[in-house]
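Biologist: I am new to this structure and would like to go through it by question and answer. Please show it first.

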Amino acid sequence: MKSPVADLAPTDGEEGSDRTPLLQRAPRAEAAPVCCSARYNLAFLAFCGFFVLYALRVNLSVALVDMVDSNSTAADNRTSSECAEHSAPIKVLHNQTGKRYQWDAETQGWILGSFFYGYIITQIPGGYMASRVGGKLLLGFGILGTAVFTLFTPLAADLGVGALVALRALEGLGEGVTFPAMHSMWSSWAPPLERSKLLSISYAGAQLGTVVSLPLSGIICFYMNWTYVFYFFGIVGIIWFILWIWLVTDTPETHKTISPYEQEYILSSLKNQLSSQKSVPWIPVLKSLPLWAIVVAHFSYNWTFYTLLTLLPTYMKEVLRFNIQENGVLSAVPYFGCWLCMILSGQAADNLRAKWNFSTLCVRRLFTLIGMIGPAVFLVAAGFIGCDYSLAVAFLTISTTLGGFCSSGFSINHLDIAPSVGKDESTTTWICSY
């Protein structure tokens with residue numbers, strides 16, 4: 001695999017025959033211990049950050065089920081009568097003190113989709129800002145802004161659809177910078193042979209955040225009311241921000257408690273991947289086939305992933321006819337599988353490279369292939385099973401679980417082809433952010 005940027009130093013996996021996972025010319029430093037290490041502490045805090053990030057993103061998907069008057073969508077939904085009522089009688093009365101809104105299916109679609117209008121705007125600018133102000137502040141304030149806006153969601157809903165759509169778009173603006181910021185930080189923190197593990201751990205928080213927030217949102221809606229969903233997760237986001245700002249630094253050199261041995265291990269493992277290029281060579285970047293392969297892969301995977309993430313609770317309610325409690329739990333099951341797959345695939349990818357001498361290119365291709373074709377097959381199959389509740393949940397779970405392989409495929413390939421630009425500069429990994 002060749003770097004898309006001319007004159008950059010050879011990067012991870014770049015050799016003529018591509019037979020070794022890393023540079024043959026670079027001596028392999030002995031790994032610093034994992035336990036209590038600064039790099040794994042960063043991975044854990046990043047894990048918690050992405051946990052909060054996705055909890056703030058998906059809580060509306062469940063809350064919206066309880067915010068909307070069911071009579072307002074029944075007339076538009078021609079499929080809801082095809083499946084029999086599945087839920088068992090509820091012995092505990094559902095708390096219905098939360099205000100209901102007369103929003104039809106089209107309006108709900110605008111509300112759920114508005115987040116991504118803001119999200120897409122700050123992707124590339126977020127990467128550029130990370131290279132200038134550092135990933136720590138950008139990621140921290142991105143999540144903080146989303147958390148604060150989440151606290152105002154009930155007020156925006158009362159003001160009307162326009163206000164709620166605008167608020168969700170602002171949340172998207174805040175979250176759009178998070179992945180580029182995290183990529184920027186890991187380019188300075190992740191030793192090449194631990195790259196899959198560290199990034200998989202940190203990004204797996206997104207899946208666990210989905211796993212926890214979906215059923216928890218359903219429980220909060222059932223026993224309290226939907227407004228508390230936004231208050232709860234907003235406060236959690238603010239608490240995480242305080243810990244992040246206090247404990248994290250942008251680089252190993254500025255970390256106050258890192259051991260000298262670990263600092264030397266990280267810096268020595270990355271020094272042969274630095275480039276003397278100080279400016280961004282835009283023309284070679286835009287002509288880079290590896291870069292466009294990553295862009296196309298992200299677009300294709302995210303199309304399915306975010307469609308399910310946004311609309312799965314609505315599908316569970318309107319088609320499979322599950323109540324609000326069952327809805328949250330069953331909507332979370334696929335993402336638990338994805339979370340587990342991300343953790344295990346990260347370990348497997350680095351083991352294939354370090355112990356079995358698989359090339360980086362081979363590992364990225366293999367994991368991307370499994371993570372793209374597997375989900376597509378089972379998602380298509382789910383469209384032909386009608387009202388078979390068990391098969392519906394099983395197929396959606398398998399589809400989303402297999403997608404976890406992509407976390408060690410194209411999702412990390414940004415760092416493989418966009419090396420750092422030096423000790424006193426930030427990284428160019430934002431070029432390939434999504």
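Biologist: Which residues form one aromatic cluster?

Modeller: The model is a predicted one. A search of the whole structure finds 27 aromatic pairs. One cluster of aromatic residues is made up of Tyr54, Phe115, Phe116, Tyr119, Tyr301, Phe305, Tyr306, Tyr335 and Phe410.

Biologist: How is the aromatic pair of Phe336 and Trp339 classed?

Modeller: Phe336 and Trp339 are three residues apart in helix H14 (residues 324–354), so about one helical turn separates them. Their centres are 5.6 Å apart, with 40° between the planes. Planes under 30 degrees apart would count as stacked and over 60 as edge-to-face. The pair of Phe336 and Trp339 is therefore tilted.

Biologist: Is Phe336 buried, partly exposed or exposed?

Modeller: The relative accessible area of Phe336 is 42%. Buried means under 20% and exposed means over 50%. Phe336 therefore counts as partly exposed.

Biologist: What share of the accessible surface of the chain belongs to carbon and sulfur atoms?

Modeller: The accessible surface of the chain comes to about 18,700 Å². The share that belongs to carbon and sulfur atoms is 67%.

Biologist: How are H1 and H3 oriented to each other?

Modeller: Two packed helices are described by the angle between their axes and the distance between the axes. For helix H1 (residues 38–67) and helix H3 (residues 105–121), the axes come within 11 Å and cross at roughly 175°. Angles over 145 degrees count as roughly antiparallel. H1 and H3 are therefore roughly antiparallel.

Biologist: How do the residues of the contact of H1 with H3 divide into nonpolar, polar and charged?

Modeller: H1 contributes Arg57, Leu60, Ser61 and Leu64 to the contact. H3 contributes Gln108, Ile111, Leu112, Phe115 and Tyr119. These residues divide into six nonpolar, two polar and one charged.

Biologist: Which residues are in contact with Leu112, leaving aside neighbours within four places in sequence?

Modeller: Leu112 is found in helix H3, and its relative accessible area of 7% makes it buried. Leu112 and Leu64 are 48 residues apart in sequence, while their C-alpha atoms are 8.7 Å apart in space. With those neighbours left aside, Leu112 is in contact with Leu60, Ser61, Leu64, Thr310 and Leu311.

Biologist: Is H4 parallel, perpendicular or oblique to H5?

Modeller: The axes of helix H4 (residues 123–133) and helix H5 (residues 135–151) come within 7 Å and cross at roughly 130°. That angle makes H4, relative to H5, oblique.

Biologist: Which residues make the contact of H4 with H5?

Modeller: The residues of this contact divide into five nonpolar, two polar and no charged. On the H4 side they are Gly126, Met129, Ala130 and Val133, and on the H5 side Gly135, Leu137 and Leu138.

Biologist: Which residues does Ser200 touch, not counting residues up to four places away in sequence?

Modeller: Ser200 lies in helix H9 (residues 195–223). Its relative accessibility is 1%, so Ser200 counts as buried. The residues that Ser200 touches are Met342, Ile343, Gly346, Ser407, Ser408 and Ile412.

Biologist: Which residues does Gln207 touch, on the basis of not counting residues up to four places away in sequence?

Modeller: Gln207 is found in helix H9. With a relative accessible area of 5%, Gln207 is buried. The residues that Gln207 touches are Phe305, Tyr335, Cys338, Trp339 and Met342.

Biologist: What separates the C-alpha atoms of Val363 and Leu352?

Modeller: Val363 lies in helix H15 (residues 360–382) and counts as buried at 1% relative accessibility. Leaving aside neighbours within four places in sequence, Val363 is in contact with Ala349, Leu352, Arg353, Phe358 and Ser408. Val363 and Leu352 are eleven residues apart along the chain, and the separation of their C-alpha atoms is 7.4 Å.

Biologist: What is the phi of Asn357?

Modeller: Asn357 is placed in the loop between H14 and H15. At 43% relative accessibility, Asn357 is partly exposed. Although Asn357 is not a glycine, its phi is positive, at about 60°.

Note on methods. Residues are numbered from 1 along each chain as its sequence is written. This is a predicted model: local features need pLDDT of at least 70, side-chain atom pairs count only at pLDDT 80 or more; totals for chains, interfaces and linings use all residues. Side-chain values use heavy atoms; hydrogens and water are left out. Axes are lines fitted to C-alpha atoms, for helices over the stretch in contact, and angles run from 0 to 180 degrees between N-to-C directions. Helices (H or I, at least four residues) and strands (E, at least two) are DSSP runs, numbered from the N terminus. Angles under 35 degrees count as roughly parallel, over 145 as roughly antiparallel, 65 to 115 as roughly perpendicular and the rest as oblique. Contact means heavy atoms within 4.5 Å. Ala, Val, Leu, Ile, Met, Phe, Trp, Tyr, Cys and Pro count as nonpolar, Asp, Glu, Lys and Arg as charged, and the others, Gly among them, as polar. Buried means under 20% relative accessible area, exposed over 50%, partly exposed in between (1.4 Å probe, protein chains only). Accessible areas come from the Shrake-Rupley method with a 1.4 Å probe; for residues, only the protein chains shown count as cover. Rings of Phe, Tyr and Trp (its six-membered ring) pair if their centres lie within 6.5 Å; planes under 30 degrees apart count as stacked, over 60 as edge-to-face and the rest as tilted.
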